[in-house]
Amino acid sequence: MSFLRKKLDDLKRPFEKGQKWEKFAPAFSAFDTFLFVPDHTTKKGAHIRDAVDLKRTMMVVVLALIPALIYGMYNTGYQYFSQTGEAFTFFDAFLHGAWKIVPMIVVSYAVGLGIEFIFAIYRGHEVNEGYLVTGLLIPMIMPVDIPLWMVAVSVAFAVLIGKEAFGGTGMNILNPALMARAFAFFAYPTYMSGNKVWVSEASNVDGISGETILGSLAAGKEVSYDMWSMFAGAIPGSIAETSTLFIGLGALLLILTGIGSWRIIVGGFIGAAAMAFLFNLWGANALMSFPWYQHLIVGGLAFGIVFMATDPVSAAQTYKGKWIYGILVGVFSVMIRVFNPAYPEGVMLAILLMNVFAPTIDHYVIEASIKRRKKRLATVTAKSA
Amino acid sequence: MGIYYGNNLIIIKFAGIFELTNFISIDSMSNDIKIRKGLDIKLQGVAEKTVSTAPRSKKFAIKPTDFHGVTPKMVVKEGASVKAGEVIFFSKYSDSVKFVAPVSGTLTEIRRGAKRRILEVIIEADTEDTYVDHGSKDVSQMSGTEVKEHLLAGGCWPFIKQRPYDVIANPEEAPKAIFVSAMSTAPLSADVEFLLKDRMDDFKTGLEAIAKLTSGKTHVCYDAKGSGLFSGINGVALHKVSGPHPAGNVGVQIHHIDPINAGERVWVVGPEDVAIIGSFFRTGKFQADRMVALAGTEAPKNAYYTMRIGTNVHDVVGKISSSVRIISGNVLTGDHIANDGYVGYYANEITMIPEGKEHRMFGWLPFKDNHIPSMSRSSLSWLFPNKRYKVNTNLNGEERALVVTGEMEQVMPMDIFPMQLLKECMAANIEKMENLGIYEVAPEDFALIDYTNTSKIEAQSIIREALDLMIQEVG
């Protein structure tokens, strides 16, 4: 270890202040601090600091994504093989999925981190770790057969327009991963919707139907999946959104570690359940009468609420605000599903919409505290007058 | 709601789906305060409750840097001899506030820093002190004005600080209340009951005196878990306070008992400073002796020492390696002092911890390096709530953009939105700072945010700069 450290310190020299590669210091530092937590000590303020930092926080989210990702790889193969009727093992299915999904992840990280590094060097700040999560989320919410160049363009759009244009990490209004998906959705609709994109090779092989449950409901057809398949995730859909079970494992990790806001997650499910329940009572069409508890386990709702709505930068920031924000994400997800049969999955647009409103929600929550303070002042001035 | 560590237990609260009040419950039936948000950081190196007298230093120093915002105007020149209690400098912009020599001796050096700012006024001590005698007084016979003048003349005024702004009180102003927090919840801090148990007469006299400085109430807050040393004091409003740090911060107590509105002043005095004031009234001498807890893993001995204000730390702890940080005060709010530096004016602790100038391989992996305490459950240290940790000064990461939300609120037991306030402070937006409660906070109330925040921002210095801006713009 000390040998490696020495080597790194030697390599670091040309990047130091006043040396020839000074400008590229953030790029080197990103690699250096990936290997070692730096030897920086406290200069002012509290003399001791908590073990947590942004890298650690982001890694917890990456860990939470892993179960859904692995299941997503398996499910990609499973959907393909079970529809073609070929015999297959778990490994065949997993490899089939991995073969398609790993390149997407590589492209997403390469393009996104590339842009992040350039901006870090250009702006002279350290590379922020947020993209470790965004870069993994983006492939996980795409249809499996989307061409890699579309992934690359969507990523570039999300990072450049969605994040850096607003001032970089911590300043963006919208969730960057959803920006990538929304961009792909509106730019390349034939690759992002319909009934031919949700199962691997569905557009090439005639025997495969790639319809999602929400898609069939919107078309007024019967749903042929049982509850367990919906919950466990053996259904067509975006790569990692299908398994509520494995998303739930991730949610558990996020809630237990406190990294993901349990207020948003719980609020989101409550909002969706309540809205779906109301529609059940109304029951005018197949989507409306789709049982409320099944609304929670099909489509991207669970994935969106657990991993995208909880993005602390684009969500509401106050405790009360998080409740309101979470509940409204759930409400709007189901509302969009039911009212917009052309695009049966509502969670993406619901979260983006609420991202825009999150600052307003916080504003009113904080305003309440300000009012208390002003009222207190008014009572005192009235007394002394 | 959220997470509360303290009282040796962890409660993860998922109860209360709709959080209508996420603040603190003040028991409306009594004057007691229960704080629920906060964090007790359990560290190794607690001072044992034994008292030794530190050998008398050869040199003492008064550091104008201990008095935030004071520009010293020297009265005594280098080489002159002074008595204990003799004025050595006063505040240029408030000339009735005088600072006196803690010992008798010769003023040997005025150490200056950049722009000739005075850093230390060093006095070489005589072997025995001769005091300026102000004569003993019967406090009960004195008026508020007399008390004030006596304190100003005797050099005791710097013990009286004001909120808002956390600076020495302006004697021209009238406070609406006076607060004494007779407890400390900061990590490794001195036990206030232990400091005062043999000085209760001084403490009570001091209280009686300062109570005359306000037409409002004088409040004394003490630890609900304590032995009841303070419970029988007359003439003041008593409050039992319980909960994790920062329950002992006087600002938190003021916020829950009599919050500060724009334009109001509250004065605060440290518990031992009250006793020093009391002894000044009883004896007529400025006899500023303190009990100081020597804490932290690197201290040669974890115990209490009695010492005069301005003692040279080298005379107490001996020669210390440069890989040890000596802090005058506690690990959250104290000042880094040199090995031959001087203990701060208000400090009741000297904390010594190792410097953390070392790399940790893959230290950013979650659930790794659990020997470093963490409020976040991305480390496993939360599984051992009773464990005492050995800590160093490593930043454990690098400064980053503000990303994580909700963590600052966990350690801010006030009706204040800490992250929003910090952002407005950085933007120097005075109106919004006022709206968000800048008058109710002091840097020390943000110390736990310094410690816990994921982005490693320096919350205390942001608040300090914002308060200085408020002094300039609003006053």
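Modeller: Chain A holds 17 helices and 1 strand. The model is a predicted one, and every value below is computed from it. Along the principal axes, the C-alpha atoms of chain A occupy a box of roughly 70 × 65 × 35 Å. A compact globule of 385 residues would have a radius of gyration near 21 Å, and the 23 Å of chain A agrees with that.

Next comes the question of what is covered and what is open. Of the 385 residues in chain A, 57% are buried. The accessible surface of this chain is about 16000 Å², and carbon and sulfur atoms account for 69% of it. As for how the chain folds back on itself, take the contacts between residues at least 6 apart in sequence: 70% of them in chain A join residues at least 24 apart.

Now to the interior. In soluble globular proteins, nonpolar side chains tend to be buried together. The largest nonpolar core here has 100 residues, and A:Phe303, A:Phe307 and A:Tyr325 touch the most other members. Helix H3 of chain A, residues 54-84, gives this core its largest share, 11 residues. Setting aside residues up to four places away in sequence, A:Phe307 touches A:Ala64, A:Leu65, A:Leu137, A:Ile247, A:Gly250 and A:Leu254. A second, separate core has 66 residues, among them B:Cys156, B:Ile168, B:Phe280 and B:Met291.

One loop residue of chain A is worth a look. A:Ser243 sits between helix H10 (227-232) and helix H11 (244-257) of chain A. Its relative accessibility is 1%, so A:Ser243 counts as buried, the cut-off being under 20%. Apart from residues up to four places away in sequence, A:Ser243 touches A:Tyr71, A:Phe231, A:Ala232 and A:Gly233.

Chain B can be described in the same order. Chain B has 10 helices and 24 strands. Its C-alpha trace spans about 60 × 50 × 45 Å along the principal axes. For 475 residues, a compact globule would have a radius of gyration near 23 Å, and the 22 Å of chain B agrees. Buried residues make up 60% of the 475 in chain B. Chain B exposes about 17900 Å², with 50% supplied by carbon and sulfur atoms. The mean positions of its 52 positive and 58 negative charges are 3 Å apart.

B:Pro102 lies in the loop between strand E10 (94-100) and strand E11 (105-112) of chain B, and B:Pro102 counts as buried because its relative accessibility is 1%. Beyond its neighbours within four places in sequence, B:Pro102 is in contact with several residues, including B:Phe60, B:Ile62, B:Phe286 and B:Arg308. B:Thr218 belongs to strand E16 (residues 217-223) of chain B and is buried as well, at 4% relative accessibility. Not counting residues up to four places away in sequence, B:Thr218 touches B:Ile178, B:Leu207, B:Ala211, B:Val236 and B:Ala237. Among the buried residues of H4(B) are B:Val250, B:Gln253, B:His255 and B:His256.

Notes:
Residues are numbered from 1 along each chain as its sequence is written. Chains are lettered from A and ligands numbered from 1 in the order in which they are written. This is a predicted model: local features need pLDDT of at least 70, side-chain atom pairs count only at pLDDT 80 or more; totals for chains, interfaces and linings use all residues. Side-chain values use heavy atoms; hydrogens and water are left out. Helices (H or I, at least four residues) and strands (E, at least two) are DSSP runs, numbered from the N terminus. The radius of gyration is taken over C-alpha atoms; the globule rule is 2.2 Å times the number of residues to the power 0.38. Buried means under 20% relative accessible area, exposed over 50%, partly exposed in between (1.4 Å probe, protein chains only). Accessible areas come from the Shrake-Rupley method with a 1.4 Å probe; for residues, only the protein chains shown count as cover. Lys and Arg count as positive and Asp and Glu as negative; His and the chain ends are not counted. The place of a charge is taken as NZ of Lys, CZ of Arg, CG of Asp or CD of Glu. A nonpolar core is a set of buried Ala, Val, Leu, Ile, Met, Phe, Trp, Tyr and Cys residues joined through side-chain atoms within 4.5 Å. Contact means heavy atoms within 4.5 Å.
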